[in-house]
Number of protein chains: 2
Amino acid sequence: MKRSGLNWRIVLVRPRNPLNIGAAARAMANFGFRDLAVVKPYDPVWQETRSAVGAEEIVRSAHAADDLLEAIGDATLVVGTTSGSRRTLDRELISLQELPEWLGARARGHRRAALLFGSEKTGLSNNHLSYCHALVRIPTVPGCPSMNLGQAVAVCCYELARAGAVAARAPASRVRVSDPANLRSLEHVFERAARVLDAVGYLKPKSRAATLVKLRRLLLDLGLTNNDVRILGGVLAQIEWKLQLQKPGVRSQKAE
Amino acid sequence: MKRSGLNWRIVLVRPRNPLNIGAAARAMANFGFRDLAVVKPYDPVWQETRSAVGAEEIVRSAHAADDLLEAIGDATLVVGTTSGSRRTLDRELISLQELPEWLGARARGHRRAALLFGSEKTGLSNNHLSYCHALVRIPTVPGCPSMNLGQAVAVCCYELARAGAVAARAPASRVRVSDPANLRSLEHVFERAARVLDAVGYLKPKSRAATLVKLRRLLLDLGLTNNDVRILGGVLAQIEWKLQLQKPGVRSQKAE
């Protein structure tokens, strides 16, 4: 990881306390992180967010996103933070200090990554977590597992900087077919697959949501490249056409 | 360090923002630290400090001390945090991630340690730093070196817990002669030595303060035990008596 650090985007999902956005930005600045996105900031919270000392530029250029996918943006690797109290997680939890090793094994070829933090009250939902390649737990003691948001960001940024897992410069913007696919293109494929599975009756109403979460996780774990996604998208389009879910060649794959 | 973790006391020197005391307590609770002392808390700050979530007991039992030595208490090993911007530090700065290794080499025999944090505005003074066996710098980037106090405490507690440098239980209270001397008894010896050095004209008015800081550092580095301190105190008492700085057997019982 030393020389091939990632460009990290820190994503805060619906934070309630404007002080925490500023505190997160300051911790980011302390450890050389620059890219902050906030999902659905409550308007008053967003307005109240003041430039934290030394982090004015981060707050100024922070991205207010409507949903998680938009916030994740071009990241091809997504790591979620959780206190590990949810029972329905199927993914193995990695302790924060093990994250650098996990990245060393898994981040080859990736240039942009996102690190997600849930709201102060609820943390990340199972749905949010299903967008993550890895779930990380800060090793807090059992009696007091839940951390303050700004402090959690500080500790994670410290660990990543400590391990040299942060890129010094912005990544090249050219996207190659052999590069890992970003979450947005994976989600397009995923939505297409869900339509097909609905059409063929694979998804049962009662278990649909849970099954989709599992399938998304499975899709993430395949580590698809942009080229893979193009091929898989083509295959699914053809099936959709055969199932008469869409007209061929119209390109309106998305909704029809 | 794994099995012989230290009992850490976190010492905040004159914090200005009550939120930071609560935040420090919460981070401590998250990582299994229990012992908090605050030097000269401004009264309104102290009154306003509210139990942070999960850290009620830490705040309730926190120790408000009049000076640094009182706050350090029975600790025999003292580590100060600094952004490293002071020019007059003579001690080598250790990066936080190197602290566990330093402790592994240096903390043998020690059971209680103190970790000092300066005020939000000024950090620790050179005088405060002269009480420290080691100075630690959180590896922040040059452009934004200064951390929020609560976040700095969180990152340090994380690193110590990560390295297994925190004792699970309170230490035995029995003090043995072969144990490292605590800062208070070292300071008694130091004050006595300063009196002798004043009397013999070693300390020059102009450089007195700076020389004393250096001498205190030297004394700390000797790693004296309780027994050493007793002997050294006796030697100094005898010199004082010879120099007629005090009457024998009067007020010097302590050292004889």
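**Chain A against chain B**

Across the interface of chain A and chain B, the rule finds two salt bridges; a salt bridge here is a side-chain nitrogen of Lys or Arg within 4 Å of a carboxyl oxygen of Asp or Glu. In a salt bridge of this kind, A:Arg162 meets B:Glu159, at 2.7 Å from N to O.

Before I go on, this is a predicted model, in which local features need pLDDT of at least 70 and side-chain atom pairs count only at pLDDT 80 or more, while totals for chains, interfaces and linings use all residues. Residues are numbered from 1 along each chain as its sequence is written, chains are lettered from A in the order in which they are written, and side-chain values use heavy atoms, with hydrogens and water left out.

Back to the interface. Contact (heavy atoms within 4.5 Å) involves 29 residues of chain A and 29 residues of chain B. About 2,200 Å² is buried between the two chains, and carbon and sulfur atoms give 56% of that. Buried area is the accessible area, with a 1.4 Å probe, that two parts lose on being put together, summed over both. Which residues of chain A lose the most area to chain B? They are A:Asn30, A:Gln151 and A:Tyr158, together 29% of what that side buries.

**The sheet in chain B**

Now to chain B, which has an open sheet of seven strands, paired in parallel, in the order 3-2-1-6-4-7-5. Strands are DSSP runs of E, at least two residues, and helices are runs of H or I, at least four residues, both numbered from the N terminus. Two strands pair if DSSP finds at least two bridges between them. At the edges, strand 3 (63-65) and strand 5 (93-95) of chain B each pair on one side only. Strand 4 (residues 77-81) and strand 6 (residues 112-117) of chain B pair in the parallel sense over four bridges. Within strand 6 of chain B, the residue opposite B:Val79 is B:Leu115.

**Elsewhere in chain A**

A search of the whole structure finds 18 salt bridges over all chains. One of them joins A:Arg111 and A:Asp179, with the closest N and O atoms 2.9 Å apart. That pair links distant parts of the chain, 68 residues apart. A:Arg111 is in the loop between helix 5 (99-106) and strand 6 (112-117) of chain A, and A:Asp179 is in the loop between helix 7 and helix 8 (183-199) of chain A.
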